[in-house]
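Please read this briefing with the sequence and the structure side by side.

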Amino acid sequence: MELDEMKQAWARMDLRQEGMEALLRQDFRDRRMDKARSTMRWSLLGQAVEIACWLAFVVFVASFWVEHRHVMHLLVIGLLLHIYGIAGIWSSVTQLFLLSRIYLFDAPVLVLQRRLAQLRRFRMVSTLALGLPWWFLWLLVPLVVLTWWSGVDRFAGAAGWIWANMGVGAAGIALSLWLARRLAGRPIRSPWLQRMVDDMSGCTLARVSRQLDEIARFEHG
Amino acid sequence: MTGRQHQQRFESLLHEHRRIVFKVAGLYSRSAADRDDLAQEISAQLWRSFGGYDPARAKFSTWMYRIALNVAISQARRWPEADRFEPLDAHHLETVGGGEPIAEQDERLTALYAFIGQLDPLNRALILLYLEDRSYTEMAEILGLSETNVATKISRIKQKLREQMTAAETAGA
């Protein structure tokens, strides 16, 4: 049998569409379509709010290290947080840019699928790069805020304790990555946890790479 | 154009080209519930994007195919990989028909679905467009390939199908 014969069979196929048609009309009657539009607007607005938060964070830490530039450890911590904040701005702006390229979903299939895979890959890498440092930041950020608020160097009297926590943080990062690798491939009930495990174990990256390879093969093969 | 007129125009165009939504949803779903969800997701995305539709840049059907296929392929990629390429079966013949069983299943359609079931999402899109009798120019515009590339791929798919049919006939003899 040839594909052309199948084409004829396909064309003759009975289409009983009433059920699906009613479903689509129902969507409009229930105003679900308007909801879908507003959800997308909220997601773009959320991204804009995220950028504003990162900007506020950078302004705050910049004012902190400028004020304490004569105290070496406060200057170094302030500068590290400043770099972290700039990375956050860069990540949010890039995600907003990548989102804007897929927003309408009306690009040719290969173009859009490639952009989606690139967005997924960027999101995964930036979430890890900005998330894992919180094993250290959970302590550093509150201490910076306390120092700024009270005017007293909260780091000075607790250097040993802070270093010990930094060590725990480094071990925590290693443990998280090890655990993610151990859990990879196992079914996890929580979708949020599943995504986190996939991201940290490298499964997401491998999946996105396979998608990009598949697109390239289809395009050039 | 007021919001109400805008919506009416969209609904009218959606109604005119509704087969595109049904066919795409049918080919990329794993169950009847999946198919309905996908059809709703496609129509929601069409509505979201409708404000940006420019008739000077593309025919409505081309624009609609792009969105429908992009939504369907993206959704298929979210499934666990083991579930993604399940062979299409009788259920899919029903789903493309809109949920009601087709009284007399055409053997050729059954064979066609078995064949489509082996294809990855991108080749599935290509064969759908071919079966829908789209021109190579339109297929190229929808997929983002050159016309030559589309022709080459269709020819390969035909060859692959021919080989499979020959093998099946040999095995059946």
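**A helix of chain A**

In α4(A), the buried residues are Leu74(A), Ile77(A), Gly78(A), Leu81(A), Tyr84(A), Gly85(A), Gly88(A), Ser91(A) and Ser92(A). A residue is buried if 20 or more other C-beta atoms lie within 10 Å of its own, exposed if 12 or fewer, and partly exposed in between, with C-beta atoms placed from the backbone. This is a predicted model, in which local features need pLDDT of at least 70 and side-chain atom pairs count only at pLDDT 80 or more, while totals for chains, interfaces and linings use all residues. Residues are numbered from 1 along each chain as its sequence is written, and chains are lettered from A and ligands numbered from 1 in the order in which they are written.

**Helices**

- Helices (H or I, at least four residues) and strands (E, at least two) are DSSP runs, numbered from the N terminus.
- Helix α4 of chain A covers residues 72–102, which is 31 residues.
- From first C-alpha to last, α4(A) reaches 45 Å, close to the expected 45 Å; the expected span is 1.5 Å times one less than the number of residues.
- Chain B has 10 helices and zero strands.

**Burial in chain B**

- Of the 173 residues of chain B, 37% count as buried.
- Helix α8 of chain B (residues 121–131) is mostly covered, with 10 of its 11 residues buried.
- Among the buried residues of α8(B) are Pro121(B), Arg124(B), Ala125(B) and Tyr130(B).
- Just after α8(B), Asp133(B) takes a positive phi of about 65°.

**Nonpolar cores**

- A nonpolar core is a set of buried Ala, Val, Leu, Ile, Met, Phe, Trp, Tyr and Cys residues joined through C-beta atoms within 7 Å.
- The largest such core has 53 residues, and those with the most contacts inside it include Val24(B), Leu69(B) and Ala125(B).
- Helix α4 of chain B (residues 60–78) gives the most to this core, with 10 residues.
- Apart from it lies another core of eight residues, among them Val61(A), Phe64(A), Leu74(A) and Leu81(A).

**Contacts and single residues**

- Two residues are in contact if their C-beta atoms, placed from the backbone, lie within 7 Å.
- Beyond its neighbours within four places in sequence, Leu69(B) is in contact with Val109(A), Val24(B), Ala125(B) and Ile142(B).
- Ala151(B) lies in helix α10 of chain B (residues 147–172).
- Because 14 other C-beta atoms lie within 10 Å, Ala151(B) is partly exposed.
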